[in-house]
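Please read them with the structure open.

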Amino acid sequence: MLKAGVLGAGHLGKIHLKLINQSEKYDLVGFYDPIKENAKKVEKEFGYKSFSSIQELIDAVDVVDIVTPTLSHFDCAKEAIEKGKHVFIEKPITKTVDEAEILIELLKKHQVKGQVGHVERFNPAFTAVKDAIHNPMFIETHRLAEFNPRGTDVPVVLDLMIHDIDIILSVVKSKVKSVNASGVSILSDTPDIANARIEFENGCVANLTASRISLKNMRKTRFFQRDAYIAVDFFEKATEVVRMKDAPENPGDFDMVLQNAEGLKKQIYFENPKIEANNAILDELETFADAINNNTTPIVTLEQGTEALRVAQMIINDF
């Protein structure tokens, strides 16, 4: 079991503490939170050990789980890596791409592992169909959330849209060619609603919409490729796969067949991939433990987290 400590005991930090404490792959040593009142409350309520400083916690563990505000990710991760500790960093990886690239170099220098908390990679609806996504040419995403004061210290692109940016970059095997975006600030100092169009060198186009002042929650992505339409509902954890194949000479009464102007016939058929229930946050934390123990590449590397941040910054800079 890897000795693990959590930096930050806010809403998400408490979830990480609970799951690491439950996991058979980690030994939860404790946590550090700079707000003393909150640290005492969490220690008393859950029984986790509260450390008096970041340095004291880092020295006591093998793995540092960073669930602090984005502005402090770089300093926390740098200190942990320089002491030879593995780091799990919540998304976005850092405030700037330059900071992220420094962490990548430090990781190589000190030969430790790092993973970024892009949790939607572990969403069972996505994992059920990701192997069926081949060379998508159009992608459309909608990530809408009811207003929550948490997260409004950063633009909605870094708060919400970055999840979809990471998913898209994980399936489109091509470089970003151009970005066009618009954002609107309504309740915050930074945009609360954003739309972006990403064009890739291979011709794929992704259209992303994110809002944190919606009347309902929605997290849907649709992938269009030559042989299939694949819809992923990250919120409801559901999928829809529609495929086309050459129509049989004698279709059955219930077969859905389309014919174009040239007389070419295609049959439409539906697939229902099995979705295995899981806890995505626990899965991302435990696969990181596996990567450390087996000396393999983490599922979401710091390089991938950096690319998601790079594209997010391109979108923000286009507002």
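1. The charged end of Arg-143 sits over the ring of Phe-234, 5.7 Å from its centre. A charge counts as over a ring if NZ of Lys or CZ of Arg is within 6 Å of the ring centre and within 35 degrees of the ring normal.

2. The model is predicted: local features need pLDDT of at least 70, side-chain atom pairs count only at pLDDT 80 or more, and totals for chains, interfaces and linings use all residues. Residues are numbered from 1 along each chain as its sequence is written, and side-chain values use heavy atoms, with hydrogens and water left out.

3. How many aromatic pairs does a search of the whole structure find? The search finds five. Rings of Phe, Tyr and Trp (its six-membered ring) pair if their centres lie within 6.5 Å; planes under 30 degrees apart are stacked, over 60 edge-to-face, and the rest tilted. Phe-46 and Tyr-48 are a stacked pair because their ring centres are 5.6 Å apart and their planes are at 10°. Tyr-48 is buried, with a relative accessible area of 9%, whereas Phe-46 is partly exposed at 40%. Buried means under 20% relative accessible area, exposed over 50%, and partly exposed in between (1.4 Å probe, protein chains only).

4. Phe-138 and Phe-224 form a tilted pair, 5.7 Å centre to centre with 40° between the planes. This pair links distant parts of the chain, with Phe-138 in strand β6 (residues 138–144) and Phe-224 in strand β10 (residues 218–225), 86 residues apart. Helices (H or I, at least four residues) and strands (E, at least two) are DSSP runs, numbered from the N terminus. Ring pairs join Phe-138, Phe-224 and Tyr-229 into a cluster.

5. The largest nonpolar core has 92 residues, and Tyr-26, Met-161, Ile-165, Ile-230 and Ile-315 touch the most other members. Helix α7 (residues 156–171) gives the most to this core, with ten residues. Such a core is a set of buried Ala, Val, Leu, Ile, Met, Phe, Trp, Tyr and Cys residues joined through side-chain atoms within 4.5 Å.

6. Helix α8 (residues 280–294) has 15 residues and should span 21 Å at 1.5 Å a residue; its end C-alpha atoms are 21 Å apart, which agrees. The expected span is 1.5 Å times one less than the number of residues. Among the buried residues of α8 are Ile-281, Leu-285 and Phe-288. Just after α8, Asn-295 takes a positive phi of about 55°.
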